[in-house]
Amino acid sequence: MAEADRDDLVSIIEDDHVDEDIPDILPLMPVRDVVVFADMVLPLFVGRERSIRAVQEAVAKEGYLFLATQKDPAIENPTTDEIYPAGTISRVLRVLKLPDGNVKILVQGFARAKVVRYTRKRSLYRVSYELIEEKPVAEIDLEIEALMRNVREHCEKILVLRGEITGDVITILQSVDQPGKLADLVASNLRLNIEDSQRLLEIVDPVKRLKKVNDLLAHEVQLSTMQAKIQSDVKDEISKSQRDYFLREQVRAIYRELGEQDENLQEYDEYRKRIKKAKMPPDAGQEADKQLKRLEKMHPESAESTVVRTYLDWLVEMPWSKSSKDVIDIVNAKKVLDQDHYGLDNVKDRILEYLSVRKLNTSTKGPILCFVGPPGVGKTSLGQSIARAMKRKFIRISLGGMRDEAEIRGHRRTYIGALPGRVLQGIKHCKTNNPVFMMDEIDKLGSDFRGDPSSALLEALDPEQNSEFSDHFLNLPFDLSNVMFILTANATDSIPSALLDRMEVIRLSGYTEEEKMIIASRHLIPRQKKDNGLKSRSLTISSGALGQIISEYTSEAGLRNLEREIGSICRKIARQVAEGRKKSGFNITRGNLHQYLGVPKFIPEMDQEQSQVGLATGLAWTQVGGEVLYVEASLIGGKGELIVTGQLGDVMQESARAAVTYTRSNSKTLDLKKYNFDNHDIHIHVPAGAIPKDGPSAGIAMATALISALSDRPIRNDVAMTGEVTLRGRVLPIGGLKEKSLGALRAGIQKIIIPEKNKKDLTEIPSRVRRKIKFIPVRHMDQVLENALAD
């Protein structure tokens, strides 16, 4: 190994080379990381065996050594092709053996030379050479003088920028009067790469070599200037930071002398007090102290300090240990629930059961209740009543249309404007860690490329996991096990099964007409009077008028449209009072109701005024409650095709095909021999064609309508039916019987044919409905026809 010790690199300039006889054959030592120029003195470390032998042979004879640079410094034993042919004949001035067996030598370059032939290659390299004679400069003219001065000035600039300028260096530069020697001097100290240095070594013409050095110096001046500027900017920034720190310390000292406190110190002390007051868990407390220490070391106006302040504010304001004290009085809780809501006995019983368990076992975890029902049945207001009965805080968020997972888990603090998720925002807003937390419209969650919020809710709603709920913003576990979560939905079909599994579903079917009248008298009418500025005695609505509003102006399972119609009456009366036409004594009856609400909006179907052939009344269960569904069937001349219209879904179309197959296969039993099905098309239509329909409960209605049309026997107009039919005529069970029964009651139906396997569901139907509607359980299609077709 032969490498230059760059720290000891020097150049010695002499007037003339020493005129000595140099042997024709010289040992060659390859060097790396440096190109040796003539008149250059430098130390080299020698470690390779072949190189050590070359040094020993040179010292044993006249001391001359041929130094040539190897092309790739990473190669340990270069071949002759991996060594530049042009090099420098040098003389070994000093040799020092090192303890590790290596050798350190001091060499001086004498003359350029080029390898002619390698005479030995095994134990060491020996070469024959020819000297590279430098073209003499006949006269230093004005151009050469200007070039030499330019090179000197460039050198001085570089040395000034590097902080290495001394008087001795300037003296040496000024003393060199030959262009070739000046080029070699500068090139040997310019820190060039190996390729550029080798090219300079091989240029014979001294003026050309000096011009090349001048070009390299110009580039180096630009680099050194830019480097100096960067270092100056960094130094200025450091100096400014040190100056600001020094001034801040002086200001603090002045405040201490005056007996006052710096605003920033006051802020930090306030944070310490708030951290202690928050009574955080150990992990959260350690993180808060760590962030406060970071804040104290930051510049108060830096962007990072704002992020840390926001984070600390959230940490100290979260109710880590603040809880509402449960005042559990079962009798009073039942009284509160009865005051706020009429009916809904199943829901009230479940809530009172939870309160009873909570009273006996205070460590029980909060339930995850999900109220499922049509709009306007009181799902949200029921949650408020639960909070009032338990003396807890109430918080509500809407999940409808939410698509970003960060809305639940929060954003990471790396983002600008990052905040915790809606769950922890609600907890912070109510300032207790055990509120009644209502999440509306859980069935309307969305998902896209930003994540799936329903999956993020799994952790929050799982009683086994939510004791350590982790938000991306806080990045600390927060205990949600004491929170009573209540969710609402119109239907469970769109709720993911994993999420639905964590919830206790309680269904709210809707209200009967009697229940609506009682709720309107107790709650809706007084509330609308108050909202519209009317005195309690200035307006009365008769029971007949109220019943007409419910039956002819609304058709819903809930109460929203009913309250909207009552509000419309109150607004019209408020206008009359405001105009001074009449102050009080307003009485709304069936006779003058149309003056306030106009003509009725919902009139019973004209088709059902009498029993008709081919018209059956089915029942449907929708997100807004139960509804009647009319099914029509007709026969027309054709080719035996089935035509189904009314925007029916795939399931209902399959029900229609099953009904046709059952009818055709039992044509003899049903006495339908006179019809040749191959010559007739069957058309089944479900009115309200603009509304899409689907579901597995219209089979017996379609079969009954078709058999009625074929047998020319009318279907009783007071009978509705629900159930699916098989190809063998069996009647299969359905869902939503309670909602369908309430819809049938609103439509004035007196009898409902149901599958026998649904008899168990009759216990869920209110007794008032069972008294007004006769339920007929059936097993087979024959029983359906027996009860549905008129004689």
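Me: How is the packing of two helices described?

Reply: Two packed helices are described by the angle between their axes and the distance between the axes. In this predicted model, consider helix H2 (residues 142–162) and helix H4 (residues 179–188), whose axes come within 11 Å and cross at roughly 20°.

Me: Are H2 and H4 roughly parallel or roughly antiparallel to each other?

Reply: Angles under 35 degrees count as roughly parallel. H2 and H4 are therefore roughly parallel to each other, and their crossing is left-handed.

Me: Which residues in H2 and H4 meet?

Reply: From H2, the residues Ile144, Met148, Val151, Arg152 and Cys155 meet Pro179, Leu182 and Val186 of H4. The residues of this contact divide into 7 nonpolar, no polar and 1 charged.

Me: Is H4 mostly covered or mostly exposed?

Reply: H4 is mostly covered, with 9 of its 10 residues buried. Among the buried residues are Pro179, Leu182 and Val186, which also meet residues of H2. Gly180, Asp184 and Ser188 of H4 are buried as well.

Me: What is the case for helix H8 and helix H9?

Reply: The axes of H8 (residues 282–297) and H9 (residues 303–317) come within 10 Å and cross at roughly 150°. Angles over 145 degrees count as roughly antiparallel. H8 and H9 are therefore roughly antiparallel to each other. Their crossing is left-handed.

Me: Which residues of H8 and H9 meet, and how do they divide into nonpolar, polar and charged?

Reply: On the side of H8, the residues are Glu287, Ala288, Gln291, Leu292, Arg294 and Leu295. They meet Glu304, Ser305, Val308, Arg309, Tyr311, Leu312 and Leu315 in H9. The residues of this contact comprise 7 nonpolar, 2 polar and 4 charged.

Me: How many bridges pair E10 with strand E11?

Reply: E10 and E11 (residues 436–440) pair in the parallel sense over 5 bridges. For Ile397, the bridge partner in E11 is Met439.

Me: Is Ile427 buried or exposed?

Reply: Buried means under 20% relative accessible area. Ile427 has a relative accessible area of 0%, so Ile427 is buried. This residue lies in helix H14. Not counting residues up to four places away in sequence, Ile427 touches several residues, including Met318, Pro319, Phe437 and Leu480. The C-alpha atoms of Ile427 and Lys393 are separated by 9.7 Å, although these residues are 34 residues apart along the chain.

Me: What is the relative accessibility of Ser128, and which residues does Ser128 touch?

Reply: Ser128 is found in strand E8 (residues 125–131). Its relative accessibility is 13%, so Ser128 counts as buried. Not counting residues up to four places away in sequence, Ser128 touches Asp24, Ile25, Lys114, Val115, Val116, Arg117 and Thr119.

How values were computed. Residues are numbered from 1 along each chain as its sequence is written. This is a predicted model: local features need pLDDT of at least 70, side-chain atom pairs count only at pLDDT 80 or more; totals for chains, interfaces and linings use all residues. Side-chain values use heavy atoms; hydrogens and water are left out. Axes are lines fitted to C-alpha atoms, for helices over the stretch in contact, and angles run from 0 to 180 degrees between N-to-C directions. Helices (H or I, at least four residues) and strands (E, at least two) are DSSP runs, numbered from the N terminus. Angles under 35 degrees count as roughly parallel, over 145 as roughly antiparallel, 65 to 115 as roughly perpendicular and the rest as oblique. A crossing is left-handed if the near helix is turned anticlockwise from the far one by less than a right angle, and right-handed if clockwise. Contact means heavy atoms within 4.5 Å. Ala, Val, Leu, Ile, Met, Phe, Trp, Tyr, Cys and Pro count as nonpolar, Asp, Glu, Lys and Arg as charged, and the others, Gly among them, as polar. Two strands pair if DSSP finds at least two bridges between them. Buried means under 20% relative accessible area, exposed over 50%, partly exposed in between (1.4 Å probe, protein chains only).
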